[in-house]
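Thanks for coming. I'll take one chain this morning and go through it piece by piece. Please keep the sequence and the model in view while I talk.

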Amino acid sequence: MNKKKKEPRVKSVMTPFPHSVWIKAPILVARAQMVEHNIRHLPVTESHKLCGIVTDRDLKLLLGPEVGAPNSSGLSSQLTVEDAYVEDCYVVDLETPLALVLEEMAKRHIGATLVTARGKLAGIFTATDACRVFAAHLQ
C-alpha cells in the first residue's frame with residue numbers, strides 16, 4: 001500500500017506575525033526596524049491594510065549603502081516608506097502549497113512572500129525560511 005504524503009502548505013514554514021511598518025513612516029524608521037530585528041523585509045501597512053513590502057535592498061538602492069550613517073545625505077530624513085516600497089509584491093494565502101510558493105519565488109527572483117489569512121497579514125516566508133526548511137529536510 002502506497003500512502004501519498006500530504007503536500008506542505010506555506011503556513012507550516014512561514015514566520016508568523018512579522019514586524020511591519022506604516023507606509024507614512026520615515027524611511028529611517030523602517031531601516032532601524034530592520035537593523036534592530038535583523039531582518040531584510042518589512043511588510044508595509046496603512047490603516048491595518050497590507051500595501052506591499054520594503055526591503056533593505058530597496059532602501060540601499062534609493063539612498064545608497066550608507067543609509068542612516070551619521071554623515072549620510074539629509075535626503076533620507078525627508079523620505080517615507082511610501083517612496084521606497086514595492087506595491088505589487090507576491091502575496092499568498094496560508095493554505096497555498098509550499099511547492100507553488102517556492103516555484104514562484106524562484107521564477108520572480110524574489111526573496112520574500114507575504115502570507116495572508118482572510119486578507120490580513122499573517123506571516124512572511126523568506127529565502128532564509130526556505131533554506132532552513134531545506135536544511136531540515138536534508139538532515
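Helix H2, residues 56-63, has Asp56, Asp58 and Leu59 as its buried residues. Looking down the axis of H2, those buried residues fall within an arc of 160 degrees, so they line one face of the helix. The arc is taken from the directions that run from the helix axis to the C-beta atoms. Buried means under 20% relative accessible area, exposed means over 50%, and partly exposed is in between, with a 1.4 Å probe and protein chains only. Helices (H or I, at least four residues) and strands (E, at least two) are DSSP runs, numbered from the N terminus.

This is a predicted model, where local features need pLDDT of at least 70, side-chain atom pairs count only at pLDDT 80 or more, and totals for chains, interfaces and linings use all residues. Residues are numbered from 1 along each chain as its sequence is written, and side-chain values use heavy atoms, with hydrogens and water left out.

Back to H2. What do its buried residues pack against? They pack against helix H1, 27-37, and strand E4, 49-55, where contact means heavy atoms within 4.5 Å. On the face turned away from the buried side, H2 carries the exposed residues Arg57 and Leu61. Just after H2 comes Gly64, with a positive phi of about 95 degrees.

Leu59 also takes us to the core. The largest nonpolar core has 15 residues, and Leu59 is listed with Val21, Leu42, Val44, Val54, Val81 and Tyr85 as having the most contacts inside it. A nonpolar core here is a set of buried Ala, Val, Leu, Ile, Met, Phe, Trp, Tyr and Cys residues joined through side-chain atoms within 4.5 Å. H1, strand E3 (41-46) and E4 each supply at least two residues of this core. The largest share, three residues, comes from H1. Apart from this core lies another, of 14 residues, among them Val13, Met14, Ala122 and Ala130.

Next, strand E7, residues 120-126. How many of its seven residues are buried? Five are, and the strand is mostly covered. E7 pairs in the antiparallel sense with strand E6, residues 112-117, over six bridges, and in the antiparallel sense with strand E1, residues 15-16, over two bridges. Two strands pair if DSSP finds at least two bridges between them.

Within E7, look at Gly123. Gly123 is buried, with a relative accessible area of 0%. Pro16 stands opposite Gly123. Leaving aside neighbours within four places in sequence, Gly123 is in contact with Met14, Thr15, Pro16, Phe17, Pro18, Thr113, Leu114 and Val115.

Last, the whole chain. There are four helices and seven strands, running β-β-α-β-β-α-β-α-β-β-α from the N terminus. Of the 139 residues, 40% are buried. Among contacts with a separation of 6 or more, 57% join residues 24 or more positions apart.
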